[in-house]
Structures are given as C-alpha cells and as structure tokens.
Amino acid sequence: MNEFIGFDPVSHPGLDWSVARDSHLDDTVECAALAAMPNGLIALANTNNADAVVELTPGELRKLKDAFVAGQYDHLLG
C-alpha cells in the first residue's frame, strides 16, 4: 500500500505523489516519492529536495526494484 502526499515540485507539477505507507512514522517522510507521469514514465523524487527528481521507464524501475530485492544495494543502506 502507498499513501498520497502533498508534494508538488516545480519541475513536475500536478502529479499524484505517493510514498510507502510505513514512511509516515512520527509525521516525517523518510522515503522517496513516486508518481505516474502522463507520458508513461515514473517520477522518483526526494521529498526533502524538490529539485531531486528522476524520470524512469517502468522497466528501469522494475530492474531497480529487482536489484533491491536481490540485495545488490544492501551495502548502501547501512
């Protein structure tokens, strides 16, 4: 499940941004936000820095997800 948030970066206005439901512990967002774009891409943003938005294809996001599941980035997570 995800939770929609009030996030509207100037570079990507009017999108419905969501974060993982569990990221709203203690009323803070400690998670990246995702939004579907009209052109079929997916925007990935740092909610603490509205200038940090990356656009990915669904395939790129799927590969990133698979890499996380496989533990390829565990060394970065501390």
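Helices (H or I, at least four residues) and strands (E, at least two) are DSSP runs, numbered from the N terminus. The model is predicted, so local features need pLDDT of at least 70 and side-chain atom pairs count only at pLDDT 80 or more, while totals for chains, interfaces and linings use all residues. Residues are numbered from 1 along each chain as its sequence is written, and side-chain values use heavy atoms, with hydrogens and water left out.

Of the 78 residues in the protein, 24% are buried. Buried means under 20% relative accessible area, exposed over 50%, and partly exposed in between (1.4 Å probe, protein chains only).

Glu-3 belongs to strand β1 (residues 2-4) and counts as partly exposed because its relative accessible area is 31%. Its C-alpha atom is 6.1 Å from that of Ala-20, at a separation of 17 residues along the chain. Val-54 sits in strand β5 (residues 49-56) and, with 43% relative accessibility, is also partly exposed. Between the C-alpha atoms of Val-54 and Leu-34 there are 9.7 Å, the two residues being 20 apart along the chain.

Leu-34 is also one of the residues nearest the centre of the largest pocket, together with Cys-31, Ala-32, Ala-33 and Leu-44. Eleven residues line this pocket, and its volume is about 190 Å³. At least two lining residues come from each of β2 (18-20), β3 (32-36) and α1. A pocket here is an open set of points on a 1 Å grid over the protein atoms alone, where a 1.4 Å probe fits, with protein on both sides within 12 Å along at least five of seven lines; lining residues have an atom within 4 Å of a point. The volume is the space filled by probe spheres set on the points, which are joined across faces, edges and corners.

The helix α1 has twelve residues and spans 16 Å from its first C-alpha to its last, close to the 16 Å expected at 1.5 Å a residue. That expected span is 1.5 Å times one less than the number of residues. Just after α1, Gly-71 has a positive phi of about 85°.

Leu-76 lies in the segment after α1 (58-69) and is exposed because its relative accessibility is 61%. Phe-68, Leu-76 and Leu-77 make a nonpolar surface patch of about 340 Å².

Notes
Patch = residues over 30% accessible without salt bridge, like charges linked within 9 Å, V, L, I, M, F, W, Y side chains within 5 Å. Areas by Shrake-Rupley, 256 points an atom, 1.4 Å probe, with all protein chains shown as cover. Salt bridge = Lys/Arg side-chain N within 4 Å of Asp/Glu carboxyl O.
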